[in-house]
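Morning, everyone. I have one chain to walk through today. Have a look at it first, please.

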Amino acid sequence: MRIAVLHGPNLNLLGTREPEVYGRETLAGIDERIRALAAELGIEVETYQSNVEGALIDRIHELAGRVDGFLINAGAYTHTSIALLDALVGVGRPFVEVHLSNIHGREAFRRRSLLAPRAAGIVMGFGADSYLLGLRGLTLRLRADARGTEEA
Ligand code: DQA
């Protein structure tokens with residue numbers, strides 16, 4: 001099983017970006033923890049970060065043929081990008097949405113996620129641990145789906 005982890009805009013700044021909101025862990029540190037958990041779960045992961053909407057979309061298209069699902073923190077594109085939603089839905093792979101912060105406890109413009117209605121699940125508010133919880137959830141979901149297909 002293979003999962004792609006996508007990080008959207010400004011997440012490359014983690015560690016120094018608003019640490020009171022996002023914590024002090026760097027993106028490289030988070031990716032390391034994701035890889036360690038993937039090894040524990042017996043799955044493969046690949047991670048990618050971009051500040052560019054189109055680059056994220058291109059990567060989703062490229063990865064779709066070789067991954068079973070996506071774990072995505074779309075950053076601010078969560079609240080704005082119909083194109084990103086269309087890409088995720090269009091490639092037909094389940095995705096889990098994650099956020100370091102609880103977007104419902106912040107400014108009103110962050111409370112709406114365009115991705116949420118089509119997400120297999122959402123994890124938010126646990127800092128970097130949101131990614132790890134999301135990865136566990138997506139893995140369970142994909143394994144359940146695979147069992148369902150075998151039985152059918
Ligand atoms: C974020 C929340 C978004 O509103 C924000 O634009 C981000 C990070 C989070 O992980 O809490 O860039 O997705």
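Some ground rules. This is a predicted model, where local features need pLDDT of at least 70, side-chain atom pairs count only at pLDDT 80 or more, and totals for chains, interfaces and linings use all residues. Residues are numbered from 1 along each chain as its sequence is written, and side-chain values use heavy atoms, with hydrogens and water left out.

Start with the fold. The protein chain has five helices and five strands. Helices here are DSSP runs of H or I with at least four residues, strands are runs of E with at least two, and both are numbered from the N terminus. Along the sequence the order is β-α-α-β-α-β-α-β-β-α. The radius of gyration is 15 Å, close to the 15 Å that the globule rule gives for 152 residues, so the chain is as compact as a globular protein of that length. That radius is taken over C-alpha atoms, and the rule is 2.2 Å times the number of residues to the power 0.38. The C-alpha trace spans about 45 × 30 × 25 Å along its principal axes.

Now burial. Of the 152 residues, 47% count as buried. Buried is under 20% relative accessible area, exposed is over 50%, and partly exposed is in between, with a 1.4 Å probe and protein chains only. On to contacts, meaning heavy atoms within 4.5 Å. Among contacts with a separation of 6 or more, 75% join residues 24 or more positions apart.

Next, helix α4, residues 82–90. Which of its residues are buried? They are L84, L85, A87 and L88. These cover an arc of only 160° around the axis, which puts them on the same side of α4. The arc is that of the directions from the helix axis to the C-beta atoms. The buried residues pack against α3 (53–63), β3 (69–73) and β4 (95–99). On the face turned away sit the exposed residues I82 and G90. After α4 comes G92, with a positive phi near 70°.

R118 is exposed, at 52% relative accessible area. Beyond four places in sequence, R118 touches L85, V89 and F95. R118 and L85 are 33 residues apart in sequence, yet 8.0 Å apart in space, C-alpha to C-alpha.

Two more residues. H99 is in strand β4. Buried or exposed? H99 is buried, at 5%. Leaving out residues up to four places away, its contacts include N73, V123, G125 and S130. L100 is in the loop between β4 and β5. L100 is buried too, with a relative accessible area of 4%. For scale, the C-alpha atoms of L100 and A146 are separated by 29 Å, at 46 residues along the chain.

How many residues line the largest one? There are 14, and Y22, G75, A76, R106 and R110 are the closest to its centre. The lining divides into five nonpolar, six polar and three charged residues. Ala, Val, Leu, Ile, Met, Phe, Trp, Tyr, Cys and Pro count as nonpolar, Asp, Glu, Lys and Arg as charged, and the others, Gly among them, as polar. A pocket is an open set of points on a 1 Å grid over the protein atoms alone, where a 1.4 Å probe fits, with protein on both sides within 12 Å along at least five of seven lines; lining residues have an atom within 4 Å of a point.
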